[in-house]
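Let's take a walk through a protein model together, one piece at a time. Keep the picture open beside you and follow along.

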Amino acid sequence: MSTKWIPQALLEFVEFCRKWKAVLENPAYLAEFEWTPAKTTACLEGIDAFLAAFEAWQAVDSSMNKALMEEARKAAEDGIEHFAAYDVRFNEKMTEVQKLELLGVRTRHPGHPIDVPSTVPEFEVRPSHIRQIVLGYKDSGSERWGKPPKVHGIESRWAILDHPPAGIGELTNSSFDTRHPFKITFDEQDRGKTVYFAGRWEIEREGQKGDFGPIVQAIIP
């Protein structure tokens with residue numbers, strides 16, 4: 001899924017987020033389109049975090065506030081893309097006009113199918129700031145970092161555990177990323193704990209997913 005439908009100019013993106021927030025918080029739309037809190041919460045949290053970071057940057061134009069705002073913007077964009085892919089583009093409760101006018105989402109025209117990747121992602125834990133883990137990712141056997149061609153993004157399953165997981169089922173949290181590298185920020189009380197990750201590719205159009213790659217671990221700094 002292309003990101004060209006999401007505004008790139010900052011002020012336009014702010015208004016875009018406010019529009020999405022109004023739609024996703026409207027009880028009438030939630031009922032009509034069968035959007036539950038389980039579906040909307042992550043997207044709304046990302047939008048709210050970005051809008052708060054934007055207001056903080058407007059109030060105090062510091063390099064730190066700008067960096068926090070830019071990081072929050074990326075997270076909000078990823079959340080919007082994920083929601084659009086799973087709960088808007090192929091939502092039979094929505095008309096094409098509603099998708100476009102309410103959220104700016106244009107459904108793709110049918111084309112040649114894209115195969116689910118037969119390869120798996122490989123993670124590399126990279127140095128980062130406190131309370132944050134950065135994971136570089138690439139296709140297995142590739143020398144190029146990032147997602148392979150025609151892949152929409154990477155789903156990362158993760159969990160903070162006091163033991164190595166027996167399988168993917170113990171990785172109960174899920175995050176989605178479309179732009180390398182993958183970053184996740186933790187709470188202060190999580191510092192020093194071990195977090196385990198595994199990733200799988202998601203194809204661009206159909207939203208189908210490949211197999212999970214190997215589980216990796218990192219200590220939360």
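Strands here are DSSP runs of E with at least two residues, helices are runs of H or I with at least four residues, and both are numbered from the N terminus. Two strands count as paired if DSSP finds at least two bridges between them. Before going on, keep in mind that this is a predicted model, where local features need pLDDT of at least 70, side-chain atom pairs count only at pLDDT 80 or more, and totals for chains, interfaces and linings use all residues. Residues are numbered from 1 along each chain as its sequence is written, and side-chain values use heavy atoms, with hydrogens and water left out.

Strand β2 (residues 132–139) pairs with β5 over four bridges, in the antiparallel sense. β2 also runs antiparallel to β1, and six bridges join these two. β1 and β2 make a hairpin with five residues between them, and Arg131 in the turn has a positive phi of about 65°.

Put together, you get an open sheet of three strands in the order β1-β2-β5, with antiparallel pairing. The edge strands are β1 (121–126) and β5 (182–185), as each pairs on one side only. Neighbouring strands in this sheet are turned by 25° against each other on average, direction ignored. For angles like this, axes are lines fitted to C-alpha atoms (for helices, over the stretch in contact), and angles run from 0 to 180 degrees between N-to-C directions.

**The four-stranded sheet**

Another open sheet has four strands in the order β4-β3-β6-β7, and its pairing is antiparallel. β4 (173–177) and β7 (216–219) are at the edges with a single partner strand each, so one side of each has no neighbour in the sheet. In this sheet the neighbouring strands are turned by 30° against each other on average, direction ignored. Strands β3 (residues 151–160) and β6 (residues 194–203) pair in the antiparallel sense over nine bridges, and Val151 stands opposite Ile203 in β6.

Here are the strand pairs with their bridges:

| Strand pair | Sense | Bridges |
|---|---|---|
| β1 and β2 | antiparallel | six bridges |
| β2 and β5 | antiparallel | four bridges |
| β3 and β6 | antiparallel | nine bridges |

What lies across β3, β4 and β6? That's α4, which runs at about 100° to β4.

**The helices and the cores**

Now for α3. This helix has 23 residues and reaches 31 Å from its first C-alpha to its last, close to the 33 Å expected at 1.5 Å a residue; the expected span is 1.5 Å times one less than the number of residues. Its buried residues are Thr40, Cys43, Leu44, Gly46, Ile47, Phe50, Leu51, Ala53, Phe54 and Trp57. Buried means under 20% relative accessible area, exposed over 50%, and partly exposed in between (1.4 Å probe, protein chains only). An α-helix has 3.6 residues a turn, so residues three or four places apart point the same way. What covers the buried residues of α3 includes α1, α2 (27–32) and α4.

The largest nonpolar core has 30 residues, and those with the most contacts inside it are Trp20, Leu24, Trp35, Phe50, Ile80 and Leu103. A nonpolar core is a set of buried Ala, Val, Leu, Ile, Met, Phe, Trp, Tyr and Cys residues joined through side-chain atoms within 4.5 Å. The elements giving two or more residues to this core are α1 (10–24), α3 (37–59), α4 (63–87) and α5 (96–103), and the largest share, eight residues, comes from α3. Phe50 touches, among others, Leu10, Phe13, Met69 and Ala76, leaving aside neighbours within four places in sequence; contact means heavy atoms within 4.5 Å. A second, separate core of 16 residues includes Tyr137, Ile154, Trp201 and Ala218.

**The whole chain**

The protein chain has five helices and seven strands. Of its 221 residues, 43% count as buried.
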